[in-house]
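Colleague: I would like to learn how to read helix ends and strand pairing in a model. Could you take me through this one?

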Amino acid sequence: MKSFLTINLDAITENVRRIKTRCKAKGVVGVLKANAYGHGAAAVAHHLKSIGVERIAVATVREGTHLRKSGVEGPIHLLGEMPVEDAKDVLKFNLTPSVSSLPSTHALARAAGIHEAKHAVKSRSQERFQALLEQTFDIADRNKDGLLTRRELRHAVEHVGLAGHSEVLSKGLRYFAEFDEDHNGSIDKHEWTQRMGEILDEAHDSEDGSSPHALARPGQHKPKVHVNIDTGMSRVGLDYEPAGVQDFVQLAESSGVEVEGFFTHFHSAWD
């Protein structure tokens with residue numbers, strides 16, 4: 001003899017209405033872990049979406065992909081910490097993971113190609129920078145012998161006012177003695193571009209502080225995450241301490257993700 005369970009969707013509708021009324025909630029998240037606690041996750045999710053519940057939450061990536069394959073649209077949050085090996089599936093099925101560790105954010109950024117974008121942007125920037133250094137050398141090399149003397153460099157600093165070249169020339173004059181390693185009073189184009197590139201690269205990184213941050217390609221979106229904060233349950237989550245949470249958010253976003261929100265569990269199992 002078979003057994004079966006009848007789910008009253010009208011009762012679910014009434015539960016949502018009461019929650020919204022009593023909590024004065026602007027939004028409700030439908031938590032459908034473990035196959036909606038036996039109610040049937042896909043069917044309940046579609047019903048919740050039809051009555052205006054915008055967000056669904058599940059425990060694992062597998063549960064989230066099941067809902068996507070069942071045609072559920074809109075945000076689907078993962079309440080459990082995302083395993084780093086699941087980062088590609090999280091992005092493929094447009095799931096919103098919870099994070100409380102930096103390895104998870106780095107895995108998401110790598111899966112999204114954010115780190116590769118950083119290197120690609122840097123490579124194009126270096127090509128333009130190399131061309132600028134070579135042009136500056138040619139401008140300062142008055143007798144066109146392929147060598148640059150201190151006198152030629154000083155003359156260029158005093159007379160060249162081209163945008164982008166003046167700073168390079170001024171720094172070159174300042175560090176000329178370091179560039180002239182064989183002390184023959186002149187430097188060639190290779191020495192100039194190599195040493196000036198090192199000096200200006202270091203100055204740029206220290207001034208704008210951009211070097212530690214991952215970059216996205218134009219039109220590329222950073223993966224959105226929610227930070228899980230432990231307020232006493234001690235199952236998963238980031239330890240609650242305001243300064244520590246702020247530091248984590250800063251490090252997470254610099255790794256290439258966007259922190260969209262925060263959530264926590266009740267502080268004990270019976271509340």
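Modeller: This is a predicted model. Begin at the start of α1, where a side-chain oxygen of Asn 8 comes to within 3.0 Å of the backbone nitrogen of Asp 10.

Colleague: How many residues does helix α1 have, and what does it reach from its first C-alpha to its last?

Modeller: An expected span is 1.5 Å times one less than the number of residues. Helix α1 covers residues 9-23, which is 15 residues, and its end-to-end C-alpha reach of 21 Å is close to the expected 21 Å.

Colleague: Which residue follows α1, and what is its phi?

Modeller: Lys 24 comes after α1, and its phi is positive, near 50°.

Colleague: Now the strands. How many residues of β7 are buried?

Modeller: Buried means under 20% relative accessible area. Strand β7, residues 224-230, has six of its seven residues buried, so by that cut-off the strand is mostly covered.

Colleague: Which strand does β7 join through six bridges, and in what sense do they run?

Modeller: Two strands count as paired when there are at least two bridges between them. Strand β9, residues 258-264, is joined to β7 by six bridges, and the two run parallel. Val 225, for example, has Val 259 of β9 as its bridge partner.

Colleague: Over how many bridges does β7 pair with β4, and over how many with β8?

Modeller: Strand β4, residues 96-99, pairs with β7 in the parallel sense over two bridges; there, Ser 98 has His 226 of β7 as its bridge partner. Strand β8, residues 238-239, also pairs with β7 in the parallel sense over two bridges, and Asp 239 of β8 is the bridge partner of Asp 230.

How values were computed:
Residues are numbered from 1 along each chain as its sequence is written. This is a predicted model: local features need pLDDT of at least 70, side-chain atom pairs count only at pLDDT 80 or more; totals for chains, interfaces and linings use all residues. Side-chain values use heavy atoms; hydrogens and water are left out. Helices (H or I, at least four residues) and strands (E, at least two) are DSSP runs, numbered from the N terminus. A polar contact is a pair of N or O atoms within 3.5 Å; within protein, one must be able to donate a hydrogen and the other to accept it, and residues adjacent in sequence count only if both atoms are side-chain atoms. Buried means under 20% relative accessible area, exposed over 50%, partly exposed in between (1.4 Å probe, protein chains only).
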